[in-house]
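Me: I have a model open and want to learn how to read its features. Can we take them one at a time?

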Amino acid sequence: MRERKRARRDSDGDGQRSDPDPFEGLPDDLVICVLSKLCSSASCPSDLINALLVCKRFNRLGVDPTVLAGAGSNLFKIRAKKWSESAHQFLKQCVNAGSIEARYFLGMIRFYCLGNRGSGASLMAKAAIRSHAPALYSLSLIQFNGSGGSKSDKDLRAGVALCARAAYLGHIDALRELGHCLQDGYGVRQNVPEGRRLLVQANAREFSLVFRSFTKSSNLSHCRCSSSTTHDHHGHHLGDQNTRHDDQRYNGCHKDQTQCRSNVNTGPGLGIRLGTGQGYGLLSDFGCDISGPDPHPANGFLVEWFGSKCEPLGFELRMCSHSRCGRPETRPHEFRRCSVCGAASYCSRGCQSRDWKMRHKDQCTPTEQWLIGAVAGDDGGDNFGLGLGVLEIGEAHNES
């Protein structure tokens with residue numbers, strides 16, 4: 001009887017036995033290896049979610065600790081507006097599996113967004129122990145600013161040590177921050193030539209990274225654009241609609257050189273603007289600006305979390321004025337202000353330097369004009385900012 005039922009179940013409508021599914025014969029280790037590769041190279045969370053929905057086997061093996069342990073940073077590109085307890089539980093599951101990126105991402109959320117300073121700092125420290133450069137850099141900024149505590153909790157030497165470790169691992173912002181510390185004698189013995197050398201090295205590394213990515217994406221776009229042009233019934237070249245849209249989005253090199261107009265689709269995180277005077281600072285003097293790389297998903301989450309008012313800042317608390325940072329103050333007047341206008345606040349010298357190239361140099365007004373406006377408006381907060389503006393971003397030398 002059992003053999004008869006099994007034969008009926010295995011047979012198709014014509015009474016013939018169906019071939020076994022070859023996928024079912026694959027060992028679990030091989031499937032886990034494939035899912036681990038997907039998890040580490042995913043561009044967004046939906047890549048893994050779609051894989052989990054394929055079948056019950058993928059759903060079971062996709063959350064295996066071996067798969068989640070190697071998760072890449074893009075897997076945690078969670079939108080702040082869609083933050084929920086289920087997302088929190090998924091991050092904790094990745095943390096328990098040993099994911100370094102999950103420790104850093106959840107640590108940033110707990111420290112800055114959820115106000116759980118101890119747990120957030122502990123998670124970032126666990127990631128830093130595993131030589132996670134963004135975690136080391138974030139911990140250095142916490143030491144520089146005394147975040148989560150009082151002004152007396154600043155530890156400049158610890159901040160410099162953490163920043164130096166992150167710079168050694170190739171973190172560009174940490175390298176730039178370390179260069180400013182050496183140049184200004186902030187937390188370390190002043191060494192102007194070495195500081196300037198590190199600043200030049202940071203700019204060169206950033207330019208090389210961005211330019212390589214831009215060149216690769218522009219080559220791919222050129223192939224797409226050359227194969228997607230259209231013609232009218234007379235055979236005249238009409239061009240592609242996407243190309244015309246890109247021409248409007250990215251201005252031409254010059255009005256008298258319309259043949260050089262950019263029709264490049266630069267892909268995520270990269271964009272070229274010819275002749276706009278804004279964007280990547282190294283090329284701004286030549287009329288061709290390339291925007292920098294995408295921020296870490298944790299910084300993107302912070303920007304959206306506080307920018308969309310998911311969680312309003314406390315009284316007299318400010319955000320870092322660099323649009324790609326997202327770090328907020330944890331106490332009033334924690335960040336230093338621009339020494340020229342006093343209107344912009346920055347969590348680090350690196351953010352101040354990058355924001356100056358990208359935006360602030362066109363908006364900054366002299367101190368005298370800002371002081372007159374502050375006195376006329378009786379704005380005590382701005383007057384306090386002026387008192388801090390004695391260095392590039394307003395930190396006194398004697399604190400080192």
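**Cysteines, rings and core**

Reply: Start with the cysteines: the structure holds 0 disulfides. Keep in mind that this is a predicted model.

Me: How far is C163 from the nearest cysteine sulfur?

Reply: A disulfide needs two cysteine sulfur atoms within 2.5 Å. For C163 the nearest is the sulfur of C181, 5.9 Å away, and C163 is in no disulfide.

Me: Is C163 buried or exposed?

Reply: Buried means under 20% relative accessible area. C163 has 1% relative accessibility, so C163 counts as buried. C44 has 24%, which makes C44 partly exposed.

Me: What share of the contacts with a separation of 6 or more joins residues 24 or more positions apart?

Reply: The share is 55% in this chain.

Me: Now the rings. How many aromatic pairs does a search of the whole structure find?

Reply: The search gives 7 aromatic pairs. One of them is F301 with W305, and this pair is stacked. The centres are 5.6 Å apart, with 25° between the planes. Planes under 30 degrees apart count as stacked.

Me: Why can F301 and W305 sit on one side of a helix?

Reply: An α-helix has 3.6 residues a turn, so residues three or four places apart point the same way. F301 and W305 are 4 residues apart in helix α14 (residues 297-307), so about one helical turn separates them.

Me: Which rings are linked into a cluster?

Reply: Ring pairs link F76, W83, F90, F105, F301 and W305.

Me: How much of α14 is covered?

Reply: Helix α14 is mostly covered, with 8 of its 11 residues buried. Among them are P297, A298, N299 and L302. E304 and F306 are buried too. The cover over the buried residues of α14 includes α7 (100-113).

Me: Which charged side chains lie over a ring face?

Reply: Check the distance to the ring centre. R117 lies over the face of F111, 5.4 Å from the ring centre. R349 lies over the face of Y186, and here the distance is 3.9 Å.

Me: One last residue. Where is A161 found?

Reply: A161 belongs to helix α10 (residues 156-168). At 48% relative accessibility, A161 is partly exposed. A161 and V188 are 27 residues apart in sequence, and their C-alpha atoms are 9.4 Å apart in space.

Key
Residues are numbered from 1 along each chain as its sequence is written. This is a predicted model: local features need pLDDT of at least 70, side-chain atom pairs count only at pLDDT 80 or more; totals for chains, interfaces and linings use all residues. Side-chain values use heavy atoms; hydrogens and water are left out. Rings of Phe, Tyr and Trp (its six-membered ring) pair if their centres lie within 6.5 Å; planes under 30 degrees apart count as stacked, over 60 as edge-to-face and the rest as tilted. Helices (H or I, at least four residues) and strands (E, at least two) are DSSP runs, numbered from the N terminus. A charge sits over a ring if NZ of Lys or CZ of Arg is within 6 Å of the ring centre and within 35 degrees of the ring normal. Contact means heavy atoms within 4.5 Å. Buried means under 20% relative accessible area, exposed over 50%, partly exposed in between (1.4 Å probe, protein chains only).
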